[in-house]
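The sequence and structure come first.

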Amino acid sequence: MTASPTQPNPLEVLSSAARGAAEAITTALARLPPLPAFPGTPRRPSSPSAAAAAAAAAAPTLRAAPAAPSSPPSFPGARRSQQHLQRVSKDELGRATWTLLHSVAAALPAAPSRLQRRAFCQLVHSLAELYPCAECADHFGKIVDARPPERAVAAEGGGGARQWCCEAHNDVNERAGKPRFDCSLAAARWAGLDCDGDGNSSCELAGPGAAPRRGR
Ligand code: FAD
């Protein structure tokens with residue numbers, strides 16, 4: 001079929017209509033509001049030019065992405081991390097932090113050096129500032145303000161630090177609705193680090209004022 005000079009070519013009419021429809025769809029898509037940003041969801045580009053830029057930026061990454069591993073990664077703790085979606089729970093962090101704090105206090109000598117006293121107190125104050133659970137840090141900060149560790153450590157050295165930790169931990173236990181711990185058992189519970197995991201080794205405290213390290 002041929003079009004007369006006065007009548008438009010029907011193929012051209014169809015082609016032009018299809019171009020118009022495609023442009024209308026592109027414009028409508030570009031005006032849609034952005035998708036909510038779930039973790040790991042790529043954001044929708046805000047404009048066609050942003051889309052082009054995003055595509056260009058993503059292309060090398062996509063090309064370079066390694067194939068999905070057929071076996072779990074081999075770094076320590078990988079299995080646990082995968083089961084927990086790689087998030088640390090508040091309880092896990094709490095147990096780990098208390099373990100650190102009680103273990104540090106357990107390692108302090110009866111008469112710590114000035115540096116050791118200061119470092120221990122700084123550790124406590126740092127937790128009140130940096131503990132990554134706002135309500136925990138806030139409550140712990142109040143405990144530290146009400147009963148500064150400096151006093152206990154200056155008066156009673158390492159023993160004072162251990163007692164301070166037990167009492168501060170009990171304040172937190174109380175707030176969390178847990179039973180108080182008998183502080184006369186704290187020395188047995190936190191008897192110092194089992195350095196090699198063989199039940200009868202212990203680690204030395206580093207730093208000035210500590211016992212000299214073997215081989216130095
Ligand atoms: P944990 O309380 O973590 O204790 C670990 C182990 O320490 C126990 O199994 C026990 O053997 C021993 N222990 C217990 N009490 C004492 C003690 N007084 N002295 C010596 N040893 C003891 N959780 C909240 O829900 N709200 C909070 O506001 C909050 N604030 C926190 C602030 C800090 C600085 C820290 C480190 C943790 C905080 N947590 C808080 C977490 C909470 O204290 C627990 O760590 C968490 O709930 C896990 O509890 P758990 O029963 O496993 O034992």
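A residue is taken to be near a molecule if its C-beta atom, placed from the backbone, lies within 6 Å of it. On that basis 24 residues surround the ligand, and the closest are Gly94, Thr97, Cys136, His169 and Phe181. The structure is a predicted model.

**Ligand shell**

Which elements give two or more residues to the shell around the ligand? They are helix H4 (90-107), helix H6 (134-146), H7 and helix H8 (186-189). H4 provides the largest share of this shell, with 7 residues. By class, the shell residues divide into 10 nonpolar, 7 polar and 7 charged.

**Overall fold**

The protein contains 8 helices and 0 strands. Along the sequence the pattern is α-α-α-α-α-α-α-α. The protein has 216 residues, of which 14% count as buried. Among contacts in the protein with a separation of 6 or more, 47% are between residues 24 or more positions apart.

**Helix packing**

| Helix pair | Angle | Axes | Crossing |
|---|---|---|---|
| H4 and H7 | roughly 160° | within 8 Å | left-handed |
| H5 and H7 | about 115° | 10 Å apart | right-handed |
| H6 and H7 | about 145° | 10 Å apart | right-handed |

The axes of H4 and H7 cross at roughly 160°. An angle over 145 degrees counts as roughly antiparallel, and H4 and H7 are therefore roughly antiparallel to each other. On the H4 side of this contact are Trp98, Leu101, His102, Ala105 and Ala106, which meet Gly158, Ala161, Arg162, Cys165 and His169 in H7. The contact of H4 with H7 is made up of 6 nonpolar, 3 polar and 1 charged residues. His169, listed in this contact, is also one of the residues closest to the ligand.

Helix H5 (residues 114-130) packs against helix H7 (residues 149-175) at an angle of about 115°. That makes H5 roughly perpendicular to H7. From H5, the residues Arg117, Phe120, Cys121 and Val124 meet Pro149, Glu150, Val153, Ala154 and Ala161 in H7. By class this contact has 7 nonpolar, no polar and 2 charged residues. Ala161 is listed in the contact of H7 with H5 and also in the contact of H7 with H4.

H6 and H7 pack at an angle of about 145°, and their crossing is right-handed. His139, Phe140, Ile143 and Val144 in H6 meet Pro149, Ala168, Asp171, Val172 and Arg175 in H7. The residues of the contact between H6 and H7 comprise 6 nonpolar, 1 polar and 2 charged. Pro149 is named in the contact of H7 with H6 and in the contact of H7 with H5.

**Individual residues**

Is Pro112 buried or exposed? A residue is buried if 20 or more other C-beta atoms lie within 10 Å of its own. Pro112 has 23 other C-beta atoms within 10 Å and is therefore buried. Pro112 lies in the loop between H4 and H5. Between Pro112 and Ala154 there are 9.1 Å in space, C-alpha to C-alpha, although the two are 42 residues apart in sequence. Ala154 belongs to the part of H7 that meets H5.

Leu123 is found in helix H5. With 15 other C-beta atoms within 10 Å, Leu123 is partly exposed. Leu123 and Val104 are 19 residues apart in sequence, and their C-alpha atoms are 9.6 Å apart.

His139 is in helix H6, where it is partly exposed, with 17 other C-beta atoms within 10 Å. Asp171 is 32 residues from His139 in sequence and 9.3 Å from it in space, C-alpha to C-alpha. Both His139 and Asp171 are named in the contact of H6 with H7.

Glu167 lies in helix H7. Glu167 has 16 C-beta neighbours inside 10 Å and so counts as partly exposed. From Glu167 to Cys183 the separation is 16 residues in sequence and 7.5 Å in space, C-alpha to C-alpha.

Key:
Residues numbered from 1 in each chain as written. Predicted model: local features only at pLDDT ≥ 70, side-chain atom pairs only at ≥ 80, totals over all residues. Axes fitted to C-alpha atoms, helices over the stretch in contact; angles between N-to-C directions. Helix = DSSP H or I, 4+ residues; strand = E, 2+ residues; numbered from the N terminus. Parallel < 35°, antiparallel > 145°, perpendicular 65-115°, else oblique. Left-handed = near helix turned anticlockwise from the far one by under 90°. Contact = placed C-beta atoms within 7 Å. Nonpolar A, V, L, I, M, F, W, Y, C, P; charged D, E, K, R; others polar. Buried ≥ 20, exposed ≤ 12 C-beta atoms within 10 Å, placed from the backbone.
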